[in-house]
Amino acid sequence: MVGVFRRSLSFSNKHPNRPSKPPISHHIRSISLPCRSHPLISQIKDEIGELKTWSSKSENRTSAWLCEGLSRLKDVHDSLDDVLQLPQTQESLRNQHEWVEKLLEDFLRFVDVYGIFQTSVLALKEEQFAAQMAIRKKDDAKIALYLKARKQMAKESIKLVSAIRFIGQYPVPKSMLSSIADAELAGVVSDAVEVTIQVTVALFNGISTAFASRKSSWMGLRLSKKAKKVKIEEGIEEFQHVCVENLWGLRKKGDEEVRTILKKMQSLEGYICGIESVSEKVFRSLISTRVSLLNTLTQ
């Protein structure tokens, strides 16, 4: 007769109201058996893997590529939020108070930088609208204000990269490695933080590279240890279609050339709005994830 193997994993599928089995009188072997992950853990692992694959395909840094990464990042954090709400997860993390506190600090920093980014994008959109009016009127003075706003956006993006460069610089507690389920949980949380850094750096560096001067762009790229061997050409492709040279000297340009520039500006506005929309969803998911993480200590 085959003995019944009892498991003490954090992610079990046992029904809470199901009566416990009577004790087994014969010996239960303590050999190691492969165990199946909780479905949510398997799901987030797949999503993180897909996001890492996305990150490796960075040769053509278009706005669509960036929006895809942000959308996948939102999915990761939605799944992480679900994992954090599991009773098994909350029980496990309550015993890791110091580690959770560090995670809360990291997620607060993520929330802060995405909040600042949303504010910056809103200001840029206003300048973008005013610049389109200025192009129609060939108003070089108003265009100068728009170019100044773009440069300011680039500087802000560089600062945001700097703000997250120290996130996740601490080890997983050894006590979490003693259990297969806890180690698996710690792994997906750490991986979620890592891919969040990767996508966020791609977002901020992509904007700073496209809008800033060559010198300041390289400064921003050097701040990111997670984005190794990143080249200056890796700005968001569509953002570079409307360069400074296109916008200067509008009064000397013909009507057809001005219409072409205006069309590019309208397209750029659409790309900016697309990135704003999906990054706002990431922002909200980060807030939800942090709240769930906080609940593991307070409930």
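Which residues in H1 meet which residues in H6? Point 3 takes this up.

1. **Basis.** This is a predicted model, in which local features need pLDDT of at least 70, side-chain atom pairs count only at pLDDT 80 or more, and totals for chains, interfaces and linings use all residues. Residues are numbered from 1 along each chain as its sequence is written, and side-chain values use heavy atoms, with hydrogens and water left out.

2. **H1 and H6, geometry.** Helix H1 covers residues 39–56 and helix H6 residues 180–211. Helices here are DSSP runs (H or I, at least four residues), numbered from the N terminus. The two axes come within 10 Å and cross at roughly 30°. Axes are lines fitted to C-alpha atoms over the stretch in contact, with angles from 0 to 180 degrees between N-to-C directions. H1 and H6 are therefore roughly parallel (under 35 degrees; over 145 is roughly antiparallel, 65 to 115 roughly perpendicular, the rest oblique). Their crossing is left-handed (the near helix is turned anticlockwise from the far one by less than a right angle).

3. **H1 and H6, contact.** From H1 come Ile41, Ile44, Lys45, Ile48, Leu51, Lys52, Trp54 and Ser55. In H6 they meet Glu184, Val188, Asp191, Ala192, Glu194, Val195, Gln198, Val199 and Ala202. Contact means heavy atoms within 4.5 Å. The residues of the contact of H1 with H6 divide into 10 nonpolar, two polar and five charged. Nonpolar covers Ala, Val, Leu, Ile, Met, Phe, Trp, Tyr, Cys and Pro; charged covers Asp, Glu, Lys and Arg; the others, Gly among them, are polar.

4. **H1 and H2.** Helix H2 spans residues 63–84 and packs on H1 at about 160°, with the axes 9 Å apart. That makes the pair roughly antiparallel. This crossing, too, is left-handed. H1 contributes residues including Leu40, Gln43, Glu47 and Glu50. On the H2 side, Trp65, Gly69, Arg72 and Val76 are among them. The residues of the contact of H1 with H2 divide into 12 nonpolar, three polar and six charged.

5. **H4.** Helix H4 has 41 residues (97–137), so at 1.5 Å a residue it should span 60 Å; the expected span is 1.5 Å times one less than the number of residues. Its end C-alpha atoms are 60 Å apart, which agrees. Just after H4, Lys138 takes a positive phi of about 55°.

6. **His241.** His241 sits in the loop between helix H7 (214–222) and helix H8 (244–247). At 40% relative accessibility, His241 counts as partly exposed (buried is under 20%, exposed over 50%, partly exposed in between; 1.4 Å probe, protein chains only). Leaving aside neighbours within four places in sequence, His241 contacts Asn246 and Lys264.

How values were computed:
Helices (H or I, at least four residues) and strands (E, at least two) are DSSP runs, numbered from the N terminus.
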